[in-house]
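The following note sets out points on backbone geometry, strand pairing and aromatic contacts. Please read it beside the sequence and the structure shown here.

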Amino acid sequence: MELLSGGDMVVRALEEEGVEFIFGYPGGAVLHIYDAIFNNCKIPHVLVRHEQAATHAADAYARATGKPGLVLVTSGPGATNAITGIATAYMDSIPMVVLSGQVQSHLIGEDAFQETDMIGVSRPIVKHSFLVKHAKDIPETIKKAFYIATTGRPGPVVVDLPKDITHPDEKFEYEYPKTIKMRSYNPAVRGHSGQIKKAVSMLLAAKRPVLYAGGGVILGDSSELLTEFAHALNIPVTNTLMGLGGFPGEDRQFIGMLGMHGTYEANTAMHHSDLIFAVGARFDDRTTNMTSKYCPTAKIIHIDIDPTSISKTITADVPIVGPIETVLKDMLELVKTALKKTPETFDQEANDSWWQQINEWRDAQGLWTAPRYDTDSGMIKPQQVIEALYKTTKGDAYVTSDVGQHQMFAAQYYRFNKPRRWINSGGLGTMGFGLPAAMGVKLAFPDADVACVTGEGSIQMNIQELSTCTHYRLPIKIININNESLGMVKQWQDMQYGGRHSQSVAYKDSLPDFVKLAEAYGHVGIRVTKFEDLEDKMNEAFSLKDRLVFLDVVVDPNEHVYPMQIASSGSMRDMWLNKTERT
Amino acid sequence: MRHIISVLLENEPGALSRVVGLFSQRGYNIESLTVAPTEDPTLSRLTLTTKGDERTIEQITKHLNKLVDVVKLVDLTEGGHIERELMLIKVKATGAQRAEIKRCTDIFRGQVVDVGPSVYTIQITGTSDKLDAFVQSMGDANILEVVRTGVSGLARGEKVLSL
Ligand SMILES: Cc1ncc(C[n+]2csc(CCOP(=O)(O)OP(=O)(O)O)c2C)c(N)n1
Ligand SMILES: [Mg+2]
């Protein structure tokens, strides 16, 4: 058997896992590993400018490709800088392996230089973690880490590597395990057939069903199956923020995103539904509004791979634990047979009148049927920026986003027809996610259009990554929706704090000149202030194929995101629809 | 309601902190917790008691099962079970009190395991209720120190929690 040092084992194990990029940043505790990378490593290393960016880039790489992301950081500050990114991946169930250096084994616990208890610090935000005690355990631990990160409900796994076990002079037998079995970890592989039958007969009998599909559909690569299923029953489909693209955004059956900033028709249909078919969604508080007033007439069928997501906030009448793909396949089979053998079980009349009702709601208040924003101010509206982006990219770009109003506008106005195109921090809501995320996506798909929709607040949280983009020539397009304010904070202050803008507009006069800033990093900066120029400048940005373009679009600072559910006190259908109803 | 949850856990460093962390992270309470390796040194057996409504207990067991280090678990309170807790209690014992305390200890089937000029140390095993009752019978004024192991338990009959 081959003899390898711990450092070489790490590199080899990553190669065997098919890792395409190491997103990392060196430091004392990982110097042996970096030396192994220098000497012999087929995988390109991407040097970010802050470890948080490494985690977001690896995370977005995973979201866009479906393959696990890989991060390598040093101990202490390197590890703690990675925490926000690990938490972001955890909340959205993203497969990712984070290798963190640790001080030498004999120093652990002595408050050694750059010592942090990474296993302890990361414990509540990882799917699992390992502290490796001996070099010969490295191959099996890394194998387990990837296995756990990518199976069942995916999530980040931390592997903490004390420096001494990666020492180049200490070599041990190396063999990478082909498969792994763990007695304590066995994710569900099939749904319960009795529950599946019950669910299908309820769906066939339902008069006002809604299919509520979340990020699990995308993580479980089941978009096509879901679409076929929805078409078979002509059932209206709403997506969560994480689920966008899991069902085609331009499909007639798509009624838009639901929840706090969901469409009028989606939230209203949910409220009046008699059967909610939840697929890979988790009844998050941003989608339910007040749970005691939640969808009073609906029965609930809930498919999820994670039993803890079922009946956590909203009780499911028919819970089905299993992978979406196999469960939906089984269900579709039964639906097709039923429709063929006993077509009368499907209530066509009820379906027609349900759609008639939904279409009335959609025509009256839908986002796309009538403009939902006024253009009186003469300034560019943030919604128009997304509409222009959508037009220029023909709805086919990868769009990463930061957090705030711009994120909600992007989710509402960019209609994602394909899964894995909409990449945002839904669960944690991490400002600073967008730019490093765009790097991860662009590295994975160098020929695709990759846009980062951001705000002047969020972009400054990881602005240093403009340097990484120069370094690796990543011609992404940054669409900065510049409202000179922490817009989402300001919106809440307008609505609930009597317009007292505590800190939300404070930086208005100290913002950088983003055009010059982009140029300083060697990129192209373009400022847009007039609506007449918007489409041209957008086209120009995307026509510069090999350049990163920072499009700084100055927009109306007083716009709010609508619809907005009346937070915490209302039901699904209680929404403010425009400023005349609420500031 | 009070539940006794018995968990077969990988005997790995950090496994216990994941269990404990889960409870604080999600706002569940732990009333008592005991853990030690089993006859198979790669496995630990952990017993915890907790209180909550049905929905909370269901979430607790689901979340425990989700922990990668947890191999299997059972809620002992769902069926017939045996539970025991051990207590050592040090009480003031002088003059006539000494005989009185000894008598009380006998009634509870405890043992005096250490004797000092003015103190007794008594060992009692039984259900938590029984231990509570003994503590009460000693009276606050006389108690110097109490230490309890927390509950351990097994299901009655043929049922076993094993690999
Ligand atoms: C790291 C982090 N800190 C604070 C917040 C709270 N927060 C949510 S949206 C927002 C404002 C974002 O401003 P900007 O990026 O300019 O977007 P806008 O809402 O103006 O479109 C803030 C501060 C957050 N989500 N993330
Ligand atoms: Mg802003």
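1. Arg252(A) lies over the face of Trp355(A), at 5.0 Å from the ring centre. A charge sits over a ring if NZ of Lys or CZ of Arg is within 6 Å of the ring centre and within 35 degrees of the ring normal.

2. The model is predicted: local features need pLDDT of at least 70 and side-chain atom pairs count only at pLDDT 80 or more, while totals for chains, interfaces and linings use all residues. Residues are numbered from 1 along each chain as its sequence is written, chains are lettered from A and ligands numbered from 1 in the order in which they are written, and side-chain values use heavy atoms, with hydrogens and water left out.

3. Over all chains, the count comes to 17 aromatic pairs (rings of Phe, Tyr and Trp, the last by its six-membered ring, with centres within 6.5 Å; planes under 30 degrees apart are stacked, over 60 edge-to-face, the rest tilted). One of them is edge-to-face: Phe283(A) and Tyr294(A), with ring centres 6.0 Å apart and planes at 80°. These two residues are 11 residues apart, in the loops on either side of helix H12 (285-288) of chain A. Both Phe283(A) and Tyr294(A) are buried (under 20% relative accessible area; exposed is over 50%, partly exposed in between; 1.4 Å probe, protein chains only).

4. Tyr373(A) and Tyr413(A) also form an edge-to-face pair, their centres 6.3 Å apart and their planes at 65°. This pair links the loop between helices H14 and H15 to helix H16 (405-413) of chain A, across 40 residues. Tyr373(A) is buried at 14% relative accessibility, and Tyr413(A) is buried at 4%. Separately, ring pairs join Tyr390(A), Tyr414(A), Phe416(A) and Trp422(A) into a cluster.

5. In strand S19 (524-528) of chain A, 4 of the 5 residues are buried. Helices (H or I, at least four residues) and strands (E, at least two) are DSSP runs, numbered from the N terminus. S19(A) runs parallel to S20(A), joined by 5 bridges (strands pair if DSSP finds at least two bridges between them). Val524(A) has Val549(A) as its bridge partner in S20(A).

6. Which residues does the cis peptide bond join? Tyr562(A) and Pro563(A) are joined by this bond, with omega about -5°. Pro563(A) lies in the loop between strands S20 (549-554) and S21 (564-565) of chain A.
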